[in-house]
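Biologist: Could you put the structure up, please, so that we can go through it together?

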Amino acid sequence: MPPHFPSNPDHGPHVARPYHRHKSIHRLLGGGKAADVLLWKDRNLSAGVLAGATLIWFLFDVVEYNIVPLLCQIAIFTMLVIFIASNAAPLFDRDPPRIPKVVISEHAFREMALIIRYKLTNAVSLLYDIACGKDLKKFLLVVGSLLVLSVIGGSCSFTSLLYLGFLCALTLPVLYQRYEPEVDHLVARGGEDIKKFYEKIDANLLNKIPRGPVKTKFR
């Protein structure tokens, strides 16, 4: 029996969205500030995040900075600035700088831990369902993605791989939102091709495998 594939008819002007998606890209990305950054709703903020990530990648991958010396140097520079400002303030009849007290509540840590636990549990459950082969299309997609990721990860450093993933997160959603009909059409055609390919394998190979008679249990 062939596995279930999402039906995507490619005849006519309308092409169904892949995986029966009915939500907007903004809602699928969470609908909050993070989604606004990924979709470049605020171009200045998105550009600043991209520039910050590029600077971090440049420091750790190109300049080959170590994170421990970098953090120590940042702390030393910050302490020197505060020391100079605090001791120079009386000379100019000004109050010393006041550093705002940052308090992170225990509730925030618990919420973060619960969210991480929920995401990991869903990811493990999803990978297990895919590995069982209930949906051949998703199984082949995950295996192919892991193979591509292993090849890319073997040819570049971990920092470059993270930076590449960050660039994809900042570019692919907005590009998909802009060219959504074309991408949906290609995905639908690809799903139909995979479905036809599996049907040929099932008809020419899998159905020819001899199976033993089914034994009926009598009570």
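Below, we chat through a few spots in this structure.

Modeller: A quick heads-up: this is a predicted model, where local features need pLDDT of at least 70, side-chain atom pairs count only at pLDDT 80 or more, and totals for chains, interfaces and linings use all residues. Residues are numbered from 1 along each chain as its sequence is written, and side-chain values use heavy atoms, with hydrogens and water left out.

Biologist: Is Ser160 buried or exposed?

Modeller: Ser160 sits in helix α7, residues 158-178 (helices are DSSP runs of H or I, at least four residues, numbered from the N terminus). Buried means under 20% relative accessible area, exposed over 50%, and partly exposed in between, using a 1.4 Å probe and protein chains only. Ser160 has a relative accessible area of 17%, so the label is buried.

Biologist: Which side chain makes a polar contact with the side chain of Ser160 at 3.0 Å?

Modeller: A polar contact is a pair of N or O atoms within 3.5 Å; within protein, one must be able to donate a hydrogen and the other to accept it, and residues adjacent in sequence count only if both atoms are side-chain atoms. The Ser160 side chain has such a contact with the side chain of Ser157, at 3.1 Å. The partner at 3.0 Å is the side chain of Asp61.

Biologist: How are the rings of Trp57 and Tyr163 arranged?

Modeller: Rings of Phe, Tyr and Trp (its six-membered ring) pair if their centres lie within 6.5 Å; planes under 30 degrees apart count as stacked, over 60 as edge-to-face and the rest as tilted. By this rule the count is one aromatic pair. Its centres, in Trp57 and Tyr163, are 5.0 Å apart and the planes are at 15 degrees, so the pair is stacked.

Biologist: How many residues apart in sequence are the parts that this pair ties together?

Modeller: Trp57 belongs to helix α3 (residues 43-62) and Tyr163 to helix α7. The pair therefore ties together parts whose separation in sequence is 106 residues.

Biologist: Which residue forms a salt bridge with Glu106?

Modeller: A salt bridge is a side-chain nitrogen of Lys or Arg within 4 Å of a carboxyl oxygen of Asp or Glu, and a search of the whole structure finds one. The closest N and O atoms are 2.9 Å apart, and the partner is Arg110.

Definitions and conventions: Helix = DSSP H or I, 4+ residues; strand = E, 2+ residues; numbered from the N terminus.
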